[in-house]
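Subject: Structure handover

Hello,

Please find the structure below. My notes on what was found in it follow.

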Amino acid sequence: SKRTFSPSSFLEDDHTIGGDNHVKALSCVFRAGRQNAKTDHDSILFDVDINTGKIQKGTTNAHWYKLGLKNIFTTSWLSTHSIISHPDNGRLITGTSIPNFDSIIQLVVDAHYELLPNVPLVGWDVALTTKGVSLLEVNLSCNFFRGSFDYNCYYDLINDYFVDLDKNNNIVS
């Protein structure tokens, strides 16, 4: 049985997993932009409890975007979830809740179900603005951006797809 996931300043990757007429939100990360940043690659990634919308501790992933051989020995390749406040303004983020979180989850689940019913795993970027909530983009080559997720559900999805690939491969052989 195939499943599909949807989940994501904005929310990054409200990841959804879907299939068999079922879509489930798997993870969510609040990506807090940085002052004077040229892209969203320079941000703080706060894990969000997918069941409650409560923001957990944050981390960074700027080290993923370091290019060139010179960075092999000068870049810190590990980071921890230890950030609780925004570094640019000191505002406490950890422990706060995202308003109307259930409706945001429903938005990405519905979008996945309606727009991409045959895609097993997608990431949604969702903008939270003063005028409401908007889908920014869908990421079909997505990762969890340091957010927590249901490992067993994800592994079951991957297993199901590999089993299907094996079946199809044996039919062709």
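Aspartate 88 has a relative accessible area of 30%, so this residue counts as partly exposed (buried means under 20% relative accessible area, exposed over 50%, partly exposed in between, with a 1.4 Å probe and protein chains only). The model is predicted: local features need pLDDT of at least 70, side-chain atom pairs count only at pLDDT 80 or more, and totals for chains, interfaces and linings use all residues. Residues are numbered from 1 along each chain as its sequence is written, and side-chain values use heavy atoms, with hydrogens and water left out.

Salt bridges

Aspartate 88 forms a salt bridge with arginine 34, with 2.8 Å between the closest N and O atoms (a salt bridge is a side-chain nitrogen of Lys or Arg within 4 Å of a carboxyl oxygen of Asp or Glu). Aspartate 88 sits in the loop between β5 (55–59) and α1, and arginine 34 in the loop between β3 and β4 (43–48), so the pair ties together parts that are 54 residues apart in sequence. Helices (H or I, at least four residues) and strands (E, at least two) are DSSP runs, numbered from the N terminus. Arginine 34 is also partly exposed, at 27%.

The count by this rule is 2 salt bridges. Lysine 24 and aspartate 150 also meet through their side chains in a salt bridge, at 3.5 Å from N to O. Lysine 24 belongs to strand β3 (residues 22–33) and aspartate 150 to the loop between β7 (132–139) and α2 (151–172), so this pair ties together parts that are 126 residues apart in sequence. Lysine 24 is partly exposed at 31% relative accessibility, and aspartate 150 is partly exposed at 32%.

Helix α1

Helix α1 (residues 101–115) has 15 residues and should span 21 Å at 1.5 Å a residue; its end C-alpha atoms are 21 Å apart, which agrees (the expected span is 1.5 Å times one less than the number of residues). Which residues of α1 are buried? They are Phe101, Ile104, Ile105, Val108, Val109, Ala111 and His112. These cover an arc of only 160 degrees around the axis, which puts them on the same side of α1 (the arc is that of the directions from the helix axis to the C-beta atoms). Asp102 and Glu114, on the other side of α1, are exposed.

Loop between β5 and α1

Isoleucine 72 lies in this loop and is partly exposed, with a relative accessible area of 43%.

Regards
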